[in-house]
Amino acid sequence: MLSNVYRYEFTGSASMVDVEATLMLALTAVENLHGATQVRLDAEHAFDPVLRVCVVNAATQVGRDLNKLFAGFLAREFGAEAFRVTRIVTPQAVPAAT
């Protein structure tokens, strides 16, 4: 089983306050699609304004939708040159059968 994680890195031209607001907008949009409870359970993400990084776990449908909306909103708001997104595919441990 694979876990899909997307790492966003932002250039100096992007205001991290505005990037965080864009993330909140994407979360609100995903909540409208999936409901607040499902977003709370499945929209894993981390935001670090000091490192100028945001990470989104796209292993679930909610996470995939969050990732698509966030990337789209970022491109429209800041332009594609203001950030770089990298897909990180990592193996996820499968519990042993008992």
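Modeller: Let us begin with Glu9, which is partly exposed at a relative accessible area of 25%, where buried means under 20% relative accessible area, exposed over 50%, and partly exposed in between, with a 1.4 Å probe and protein chains only. This is a predicted model, in which local features need pLDDT of at least 70 and side-chain atom pairs count only at pLDDT 80 or more, while totals for chains, interfaces and linings use all residues. Residues are numbered from 1 along each chain as its sequence is written, and side-chain values use heavy atoms, with hydrogens and water left out.

Colleague: Which residues form a salt bridge with Glu9?

Modeller: In general, side chains of opposite charge can pair when their charged atoms come close. The rule for a salt bridge is a side-chain nitrogen of Lys or Arg within 4 Å of a carboxyl oxygen of Asp or Glu. Glu9 pairs in this way with Arg84, their closest N and O atoms being 3.0 Å apart. Glu9 lies in strand 1 (residues 2-10) and Arg84 in strand 4 (residues 83-91), so the pair ties together parts that are 75 residues apart in sequence; strands here are DSSP runs of E with at least two residues, and helices are runs of H or I with at least four, numbered from the N terminus. Glu9 also forms a salt bridge with Arg7, with 3.6 Å between the closest N and O atoms, and Arg7 is partly exposed at 31%.

Colleague: How many salt bridges does the count come to?

Modeller: The count comes to two, and Arg7, Glu9 and Arg84 are linked in a network.
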